[in-house]
Amino acid sequence: TQIDNLEVTGTATFNGTVSGAGGLQFISTIDLANDTTAEFTGFDASLYDSYEFTLSNVSSSVDNGFLALRTSTDGGSTYDSGSSHYAYIINYARPTGTDLATGDNSGGYIILAGNGLGKASGEEGASGVVEIFGPHLARRTTVVFRTCNKNSSGALTNSDGGGQRHSSADVNAVQFFLTNATMTSGTITMYGKVNS
């Protein structure tokens with residue numbers, strides 16, 4: 001079949017990858033199996049201005065496992081973990097009880113879920129999206145996230161929040177982990193937002 005004078009604008013999908021400026025392009029994925037960390041180093045400023053990580057059922061080995069993120073400025077050789085490297089804030093809601101907020105202006109990581117993860121069958125871990133903006137710039141890299149999980153009491157919790165490095169530097173790797181546990185299962189996938 002021949003199609004003449006066809007104009008395509010926006011983004012197109014080829015072999016499952018969205019291409020074109022602003023489109024998301026798959027970079028890498030990690031399937032978790034009793035991992036202490038999940039580290040991503042596929043940052044490329046020539047291709048991407050920002051990044052999106054999808055979290056699917058990231059599960060904890062203990063009740064009240066707290067999901068967190070750290071950044072690296074040396075390609076993942078080390079991750080900034082000092083007690084005053086990050087600030088973050090989380091607003092979270094549950095079907096029952098009051099809505100809550102928490103945060104830290106001087107922490108060693110950015111917490112990504114407002115309530116600790118439950119480990120019982122049916123609590124399913126944390127799922128959501130984490131976005132990182134302009135990490136290649138020597139500025140205070142900003143992280144924004146939306147996650148959903150059940151806590152150790154089985155209460156569904158929806159969290160929205162953001163965090164930032166205190167120091168200005170280019171970020172070229174990130175590390176996901178639980179502050180007090182291992183990640184027993186789940187998947188984390190990294191995408192880049194194409195810049196041209």
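User: What share of the contacts with a separation of 6 or more comes from residues 24 or more positions apart?
Analyst: 72% of them in this protein. Contact here means heavy atoms within 4.5 Å. The model is predicted, so local features need pLDDT of at least 70 and side-chain atom pairs pLDDT 80 or more, while totals for chains, interfaces and linings use all residues. Residues are numbered from 1 along each chain as its sequence is written, and side-chain values use heavy atoms, with hydrogens and water left out.

User: How many helices and strands?
Analyst: Zero helices, 14 strands. Both are DSSP runs numbered from the N terminus: helices are H or I with at least four residues, strands E with at least two.

User: OK, Ile 89. Which strand is it in?
Analyst: Ile 89 sits in β7, residues 86-93.

User: And what does Ile 89 touch beyond its neighbours within four places in sequence?
Analyst: Thr 102, Gly 103, Phe 145, Asp 160, Gly 161 and Gly 162.

User: Switching to β4. Which residues are on its covered face?
Analyst: Ala 38 and Phe 40. Thr 37 and Glu 39 make up the uncovered face.

User: Why two faces?
Analyst: Because side chains in a regular strand alternate between the two faces of the sheet.

User: Which strand does β4 pair with, parallel or antiparallel?
Analyst: β4 (residues 37-40) pairs with β13 (residues 173-178), antiparallel, over four bridges. Pairing requires at least two DSSP bridges between the strands. Ala 38 stands opposite Phe 176 of β13.

Note on methods:
Buried means under 20% relative accessible area, exposed over 50%, partly exposed in between (1.4 Å probe, protein chains only).
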